[in-house]
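Look over the sequence and the fold before reading on.

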Amino acid sequence: MADSTDSRTPPIPAAPPSPGADADAGYLQRRTLRRGSAGWLLLTGLGVAYVVSGDFSGWNIGLAEGGFGGLAIATLLMGVMYACLVFSLAELSAILPTAGGGYGFARRALGTWGGFLTGTAILIEYILAPAAISIFIGQYVESLNLFGLTAGWPVYLACFVVFIGIHLWGVGEALRFSLIVTAIAVAALLIFAAGAFTEFSADGLNDIPVDKDALGANSWLPFGLLGIWAAFPFGMWFFLGVEGVPLAAEEAKDPVRSMPRALAISMAVLALLALITFFAATGARGSAAVQDAGNPLVVALQGDGDPTPLSRFVNYAGLAGLVASFFSLIYAGSRQLFALSRAGYLPRFLSLTSRRKAPYLGLLIPGAIGFALAAGTGDGARMLNIAVFGATISYALMALSHIVLRRREPGLHRPYRTPGGVLTSSVAFALALSALVATFLVDKDAAFIALGVYVVALAYFAFYSRHRLVAAAPEEEFAALAEAEAELERD
């Protein structure tokens, strides 16, 4: 990604306080994060960690929706969507390097309603996904017979307590832990691919029976053209979460330079892992064998036979991948909640930080909600589908924010500029809307549950919090500055 020679963090001048800005002088001092804790390497590790569990399981269900060809096309299109979105976010995060991430970008471009809609969608993704992954961790622990434990609430509780505890210790320590676990998971995927490709057979790629009644059905598209669309949410699983890197902007070293670099490298690594994992798993054992497997990489290596040393290793590494994603998604959710609370969109006490500069309530309360959902439902797949629904809404709104700011404020200081400009973000916007509709094809109940959560959140904002926003919050100051400049131009 090309970078500008001007690496300075753009200043955010103070704006006049709005009528709802009643924060006292110490308000922001009690709500500060530890700055300069993460360089580009830790940010890159964070971007990969968000996603890596999706390589170990979940994506393969798309084979049952679209077959090998349908999922391959869906993954390619979703990869294009994420690449375009990442390039757009790199520009936006260089303009406004704060913990608000997508909420902050949309707040400037689309106003308070757009900011809240985007932030809420991101929260849906980052609160539901860890809950789902904790269930998958429990299933892995049980299948590996670790310490004689079975999947259930004690395992879920241990996940939240241990890993939230590390986050409370400090962001630097948390991101270093995440980098180590992520490196183990990535190494395991490469080792898996090396072993699986020794048994690769192209004949197994299209061994799913053809639905002759489906429009355009053939051996590569056994469920027809509609199967491509239905596979969109599963093609996303190879990349879902990488867009959360800008949420670490306030804690990054030189975010104007490090954020675009980390986003680009993360996306390149994830694309490579998606390519080799997809082809190695389906080619080694066949698409039909892995389409319904809870651990498709293990099935690809051993089929119905006895475990091999390599399949055992990959099984343990799959647990590492789940831990990496669980751990990093907790981080992302806490930072989005912190930013929304600091600005008054959510109850302000949620943004209080500890002596170690960790948003402790922003970690503990979503953790409690996630644990309750995991222990109360045990339905990880449903929760992931709800998370995907929230994600697609946020993608569309973030891409739209890039388009609006490019057109409305062409002279805005941009230390980094998105290659392709508005065309790039327009592609991300169109594909995000397509993926949003596809969620209804896969799980209508999950989509309507997410809509219900959205309605409740919007009612809270409409009747209460939008009248109590904090003008001193960085994202609000940035937006207020734009409004003041526009008013001066009108005068």
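## A left-handed helix crossing

Helices α14 and α15 cross with a left-handed sense. The model is predicted. α14 covers residues 380–408 and α15 covers residues 422–442. Their axes lie 8 Å apart, at an angle of about 155°. Angles over 145 degrees count as roughly antiparallel, so α14 is roughly antiparallel to α15.

Residues of α14 in the contact include Val388, Phe389, Ile393, Leu400, Arg406 and Arg407. From α15 come, among them, Val422, Phe429, Leu433, Leu436 and Phe440. By class, the contact has 16 nonpolar, 5 polar and 2 charged residues.

## The largest cavity

The whole structure holds 5 cavities of 30 Å³ or more. The largest has about 190 Å³ of space. It is lined by 16 residues, and Ser53, Gly54, Ile133, Leu240 and Leu384 are the closest to its centre.

α4 gives the most, with 4 residues. The lining counts 10 nonpolar, 5 polar and 1 charged residues.

## The second largest cavity

The second largest cavity has a volume of about 90 Å³. Of its 13 lining residues, Tyr126, Pro130, Ile330, Pro366 and Gly367 are the closest to the centre.

Here the elements giving two or more residues are α4, α5 (153–169), α12 and α13 (360–377). The lining has 9 nonpolar and 4 polar residues, with no charged ones.

Definitions and conventions:
Residues are numbered from 1 along each chain as its sequence is written. This is a predicted model: local features need pLDDT of at least 70, side-chain atom pairs count only at pLDDT 80 or more; totals for chains, interfaces and linings use all residues. Side-chain values use heavy atoms; hydrogens and water are left out. Axes are lines fitted to C-alpha atoms, for helices over the stretch in contact, and angles run from 0 to 180 degrees between N-to-C directions. Angles under 35 degrees count as roughly parallel, over 145 as roughly antiparallel, 65 to 115 as roughly perpendicular and the rest as oblique. A crossing is left-handed if the near helix is turned anticlockwise from the far one by less than a right angle, and right-handed if clockwise. Contact means heavy atoms within 4.5 Å. Ala, Val, Leu, Ile, Met, Phe, Trp, Tyr, Cys and Pro count as nonpolar, Asp, Glu, Lys and Arg as charged, and the others, Gly among them, as polar. On a 1 Å grid over the protein atoms alone, a cavity is a set of points where a 1.4 Å probe fits but cannot get out, and a pocket is an open set with protein on both sides within 12 Å along at least five of seven lines; lining residues have an atom within 4 Å of a point. Grid points are joined across faces, edges and corners, and a volume is the space filled by probe spheres set on the points.
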